[in-house]
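Have a look at the model, then read on.

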Amino acid sequence: MRALTAFRASWDFSEAYVPEDDVLADARSRAEEVGCTAVLPGTGAALRLLAALLDARHVVEIGTGTGVSGLWLLRGMRADGVLTSVDVEAEHQRHAREVFAAEGVAPSRARLITGRALEVLPRLADGAYDLVLVDGDKPEYPEYVEQAARLLRPGGVMAIDNSLWHDKVADPAQRDPDTIAIRGVVAGLREDERFLPALLPVGDGLLTAVRR
């Protein structure tokens with residue numbers, strides 16, 4: 001119990017290490033209002049870091065929400081970078097547009113597409129993206145991975161949010177459909193020769209994988 005308490009304190013410290021400003025706080029508040037679960041701050045900071053390391057110009061986000069993760073990504077991307085974000089909820093995307101406008105993001109830098117990800121993603125170009133964030137419907141995660149493998153350039157990165165899924169993925173007794181889907185992706189990527197993966201214990205788990 002003592003070790004668990006110590007780890008929790010370290011997790012809390014790391015989540016607060018890069019503080020969120022007023023624009024991000026507003027986006028997070030909007031997410032709570034509409035019942036949308038946003039990425040946690042530690043995950044956001046990691047996404048910003050990945051986008052900056054890649055000098056990302058083209059990013060795909062599966063699950064716009066109210067713009068929390070998109071804002072983190074845009075802050076790491078190059079100044080002329082374009083975020084393509086897909087979400088089935090038009091109302092959520094309306095909030096995201098307002099958040100991006102408050103940040104001063106040019107409309108041309110945020111291409112928000114309303115629709116089911118598995119209908120939109122096949123229309124995007126092969127090998128044209130530096131980073132793909134997976135944060136949509138959990139049962140569809142395996143199909144998102146296949147789309148990301150096609151969309152990413154060699155050396156591009158896939159980031160999968162909720163990869164620990166509230167501590168359920170590590171507990172074999174948890175057998176709900178969402179957990180089973182995520183657990184399968186986590187296990188499968190470890191053996192997938194197309195990717196070089198690492199599971200980061202930030203937020204609710206961020207599985208990252210470089211496209212070989």
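Arg-94 is partly exposed, with a relative accessible area of 34%; here buried means under 20% relative accessible area, exposed over 50%, and partly exposed in between, using a 1.4 Å probe and protein chains only. Glu-91 and Arg-94 sit three residues apart in helix H5 (residues 90-103), and so are separated by about one helical turn. Salt bridges that share partners tie Asp-26, Arg-30, Glu-91, Arg-94 and Glu-98 into one network.

A word on the ground rules: this is a predicted model, in which local features need pLDDT of at least 70 and side-chain atom pairs count only at pLDDT 80 or more, while totals for chains, interfaces and linings use all residues. Residues are numbered from 1 along each chain as its sequence is written, and side-chain values use heavy atoms, with hydrogens and water left out.

A salt bridge is a side-chain nitrogen of Lys or Arg within 4 Å of a carboxyl oxygen of Asp or Glu. By this rule the count comes to 20 salt bridges. Three of them are set out here.

| Salt bridge | N to O distance |
|---|---|
| Glu-91 and Arg-94 | 2.6 Å |
| Arg-78 and Asp-80 | 2.8 Å |
| Asp-55 and Arg-78 | 3.7 Å |

Which parts of the chain does the pair Asp-55 and Arg-78 link? Asp-55 lies in the loop between helix H3 (41-53) and strand S1 (58-62), and Arg-78 in the loop between helix H4 (68-76) and strand S2 (82-87), so the bridge spans distant parts of the chain, 23 residues apart. Helices (H or I, at least four residues) and strands (E, at least two) are DSSP runs, numbered from the N terminus. Asp-55 is partly exposed at 44% relative accessible area, and Arg-78 counts as partly exposed at 29%. Asp-80, another partner of Arg-78, is partly exposed as well, with 38% relative accessibility.

Next, two residues with contrasting surroundings. Thr-43 is found in helix H3 and is buried, with a relative accessible area of 0%. Leaving aside residues up to four places away in sequence, Thr-43 touches Glu-15, Asp-161, Val-202, Gly-203, Asp-204 and Leu-206, where contact means heavy atoms within 4.5 Å. Ala-16, in the loop between helix H1 (2-15) and helix H2 (22-34), is exposed at 54%. Ala-16 and Ala-45 are 29 residues apart in sequence and 9.9 Å apart in space, C-alpha to C-alpha.

Now for the chain as a whole. The protein chain has eight helices and seven strands. Its radius of gyration is 16 Å, close to the 17 Å that the globule rule gives for 212 residues, so the chain is as compact as a globular protein of that length; the radius is taken over C-alpha atoms, and the rule is 2.2 Å times the number of residues to the power 0.38. Along the principal axes, the C-alpha atoms fill a box of roughly 50 × 40 × 30 Å. Buried residues make up 51% of the 212 residues. Among contacts between residues at least 6 apart in sequence, 68% join residues at least 24 apart.
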